[in-house]
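User: I would like to go through this model with you, step by step.

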Amino acid sequence: MSTSPMQVSEARRFQQLRGHLSYLKLNDAAEALNRVLDQARTERMSLTAALERLLEIEAEATEARKLAARERFACLPEPWTLADFDFVAQPGVDEKLTRDLATLRFLDDASNVLFVGPPGVGKTMLSVALGRAAVDAGHRVCFTTAAELAAKCHKAAIEGRWKTCMCFFPGPKLLIIDELGYLPLPEDRASALFQVINQRYLKSGTILTTNAGIADWAGSFGDATVAAAMLDRLLHRAAVAGIDGPSYRLRGHQNQADAMHKGVNARVS
């Protein structure tokens, strides 16, 4: 059976089109080309509709890759979202304020958020949930603990990479610094943390969680001057959410224990 010139031309045109897509690095569109053309014939799609569908596939794949890259960069410790937080179980959290923060308007103003309260009340979970919202919205986010950040800055200074370090931490649209005050910071590391806060001042948003009351920060840093300077930068534009309620974490563990206990009783009976 012979092949008509028109069929040869169509086959060549298909290969050329696929080659053009690959050359332009539209690899997902190139892979989907055959499927979209079959769909166009079956559903009698217009040329415009078929082209829109092809580019939609590429756009969705590109966004998925970008989202995955933002997730890797953020290093969020858990996949928590605000929907996972039980406001009824933790009445110490201002739900109205938290949901307003979830709009991420504070990032547009380069404002800060301070979650202050004892261990286990949900500070980290809320900060991670806001970080997750920012990642999903297309922002670069970085999560670290205060001790880790200070240690990295200290190491960078010793290795002659201080400028590189000071370029990295001010970069993300949102920097989450967890667990300030849980471990005492030596004077040089407290100074490094202040430098990061100072570099981000009025430029990018920072979320900070701490178990130390603002009045006790001097003790956490061992230097009242550094503590005062850091508070000055952080509080200039900030929402301070004090959480004074039951341990959210212990309640979760208790619920798990109760569920296991009920399951055991059910099997015994």
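Analyst: Two strands are taken to pair if DSSP finds at least two bridges between them. The model is a predicted one.

User: Which residue in S5 does Val-113 stand opposite?
Analyst: Strand S1 comprises residues 112-116, and this strand pairs with S5 in the parallel sense over five bridges. Within S5, the residue standing opposite Val-113 is Ala-239.

User: In what order do the five strands of the open sheet lie, and which strands stand at the edges?
Analyst: The pairing in this sheet is parallel, and the order is S2-S3-S4-S1-S5. One side of each edge strand is left without a neighbour in the sheet, because each has a single partner strand. The strands at the edges are therefore S2 (141-145) and S5 (238-242).

User: Is Thr-210 buried or exposed?
Analyst: Thr-210 has its place in strand S4, which covers residues 205-210. Buried means under 20% relative accessible area, and the relative accessibility of Thr-210 is 0%, so this residue counts as buried.

User: At what distance does the side chain of Thr-210 reach the backbone nitrogen of Ala-212?
Analyst: A polar atom of the Thr-210 side chain lies 2.7 Å from the backbone oxygen of Leu-180, and Leu-180 is also among the residues in contact with Thr-210 when neighbours within four places in sequence are left aside. For the backbone nitrogen of Ala-212, the distance from the side chain of Thr-210 is 2.9 Å.

User: What phi does Cys-75 have, the residue that follows H3?
Analyst: Helix H3 runs over residues 47-74 and reaches 41 Å from its first C-alpha to its last, close to the 40 Å expected. Among its buried residues is Ala-74. Cys-75 follows H3, and its phi is positive, near 55°.

How values were computed:
Residues are numbered from 1 along each chain as its sequence is written. This is a predicted model: local features need pLDDT of at least 70, side-chain atom pairs count only at pLDDT 80 or more; totals for chains, interfaces and linings use all residues. Side-chain values use heavy atoms; hydrogens and water are left out. Helices (H or I, at least four residues) and strands (E, at least two) are DSSP runs, numbered from the N terminus. The expected span of a helix is 1.5 Å times one less than its number of residues. Buried means under 20% relative accessible area, exposed over 50%, partly exposed in between (1.4 Å probe, protein chains only). A polar contact is a pair of N or O atoms within 3.5 Å; within protein, one must be able to donate a hydrogen and the other to accept it, and residues adjacent in sequence count only if both atoms are side-chain atoms. Contact means heavy atoms within 4.5 Å.
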